[in-house]
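Welcome! Keep the sequence and the 3D view open as you read.

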Amino acid sequence: MAEKKVSSLPAKLINGGVAGLVGVTCVFPIDLAKTRLQNQQGIQVYKGMLDCLAKTVRSEGYFGCYRGAAVNLTLVTPEKAIKLAANDVFRQKLSKDGHLPLWGEVLAGCGAGTCQVVVTTPMEMLKIQLQDAGRLAAQRSVPTPAQAAAPGPAPSLVAPPPARPKPPPRTSATSITVDLLKTRGLAGLYRGAGATLMRDVPFSMIYFPLFANLNALGREKVGDVQARAPFWQSFLAGCGAGSVAAVAVTPLDVIKTRLQTLQKGEGEDTYRGIVDCTRRIMMREGPSAFLKGATCRALVIAPLFGIAQGVYFLGVGETVLGLLG
C-alpha cells in the first residue's frame, strides 16, 4: 500500500493534541514518580518508582498520582502538536525529490525540539512544583539521622497521643503562575528554558531520525513511494525510538528538573545555573545521580510516542476534519 497523501497542518495539530491527551492520561503517575525521584538529594523518602507510587497512594490517595496533570492536559495539546507538526514541516522543506538524508532528519528534529520549548518550559515549570509538593510534605515527616538518634520524651500514661499534623494546603497552577508573574515577571515562567532546550533538542535529534528508520524497516518502494508501514510497526517504532532517546537525555532532564524546582527540602542544594548544577550533583551525589528516573522516563516516553505515532497512523485528525467539513 502506498504512503497516504501528506496531512494538512490542522490535521497534524489535531493528531498531536489527541496523542498528547491520551498519552499523558496513561503515563502521568510514572512521570510524577520520575520527578520526585530526581529531586531526592538528602533524605531518601522513596526507594524506587514502585515505592514512590505506593507511598503516594497511601498518603495522598489515588488522585495524588495525578497532581499537576491538569497543567499537562491543558498544555500538552499545543506542545505535542507543535513538536510533531514542526518535525513534519521541516522534513518536507528539507526533502529533495522525496529523499531526506540523515543530516536532514537530524536538523528537522532539532527544529522541532526548538519550537516546542515555547510551550514546554512553562508547562514543565508549573507541573514540577505541583508534582514535588507531595515529596516535600513526606520528607518533613521523615526524621533526620540526628533526630532519630536523639532520645524522645518518656511516654505519658495520662496525656493523650499527639495530634497528627495537618497536611500543608495544596497549591494550584493558577496561584503559582500569579506568584511567579508578580515576583519574577514572565521570565519566572521560563526559568530553566536553557536546560529545557538542552534536553529537548537532542531528544528530537535522536527520536525522529531513529523512528523514521525503524518505521521504514522491511518496507519496499513502489516507484518513488515507499509502502506504508503496518500499525504495529509504527507503534513499536515510536516506543523503541522514544525509550532510547529518553534514556539518552536523562542526565539533561535531571539538571532541568533540579533547576526548575523552586521549593527545596531540608539540606537540599539550590543552583545558580546549568554549570553550577552539573558540578554540584557530580561532587555531592556522584555520576549515578544523573541517571535518576531513567527507567521512569523510558516507561513514560515509550508509550507516549507509541500512542502518538498510532494516532498519526489512524488519521484521527483527518477523520475529525472530514466530519466537520
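Rings of Phe, Tyr and Trp (its six-membered ring) form an aromatic pair if their centres lie within 6.5 Å; planes under 30 degrees apart count as stacked, over 60 as edge-to-face and the rest as tilted. With that rule, a search of the whole structure turns up ten aromatic pairs.

Before we go on, a word on the model: it is predicted, so local features need pLDDT of at least 70 and side-chain atom pairs count only at pLDDT 80 or more, while totals for chains, interfaces and linings use all residues. Residues are numbered from 1 along each chain as its sequence is written, and side-chain values use heavy atoms, with hydrogens and water left out.

**An aromatic cluster**

| Pair | Arrangement | Centre to centre | Angle between planes |
|---|---|---|---|
| Y207 and F208 | edge-to-face | 5.0 Å | 80° |
| Y207 and F211 | stacked | 6.0 Å | 15° |

Y207 and F211 sit four residues apart in helix α8 (residues 193–216), about one turn of the helix. Helices here are DSSP runs (H or I, at least four residues), numbered from the N terminus. Together with F203 and F305, the residues Y207, F208 and F211 form one aromatic cluster.

Two packed helices are described by the angle between their axes and the distance between the axes. Axes are lines fitted to C-alpha atoms, for helices over the stretch in contact, and angles run from 0 to 180 degrees between N-to-C directions.

Helix α1 (residues 9–39) and helix α4 (residues 102–140) have axes that come within 9 Å and cross at roughly 70°. The two helices are therefore roughly perpendicular, a label for angles of 65 to 115 degrees (under 35 is roughly parallel, over 145 roughly antiparallel and the rest oblique). On the α1 side, the contact (heavy atoms within 4.5 Å) involves F28, D31, L32, T35, R36 and N39, and on the α4 side K127, I128, Q131, D132, G134 and R135. These residues divide into three nonpolar, four polar and five charged; Ala, Val, Leu, Ile, Met, Phe, Trp, Tyr, Cys and Pro count as nonpolar, Asp, Glu, Lys and Arg as charged, and the others, Gly among them, as polar.

Q131 of helix α4 deserves a visit. Q131 counts as buried, at 0% relative accessibility. Its side chain makes a polar contact with the side chain of D31 at 3.0 Å; such a contact is a pair of N or O atoms within 3.5 Å, where within protein one must be able to donate a hydrogen and the other to accept it, and residues adjacent in sequence count only if both atoms are side-chain atoms.

Helix α1 also packs with helix α2 (residues 49–60), at an angle of about 105° and with the axes 9 Å apart. That makes α1 roughly perpendicular to α2. The α1–α2 contact has eight nonpolar, one polar and two charged residues.

Terms used: Buried < 20%, exposed > 50% of the residue type's maximum accessible area, 1.4 Å probe, protein only.
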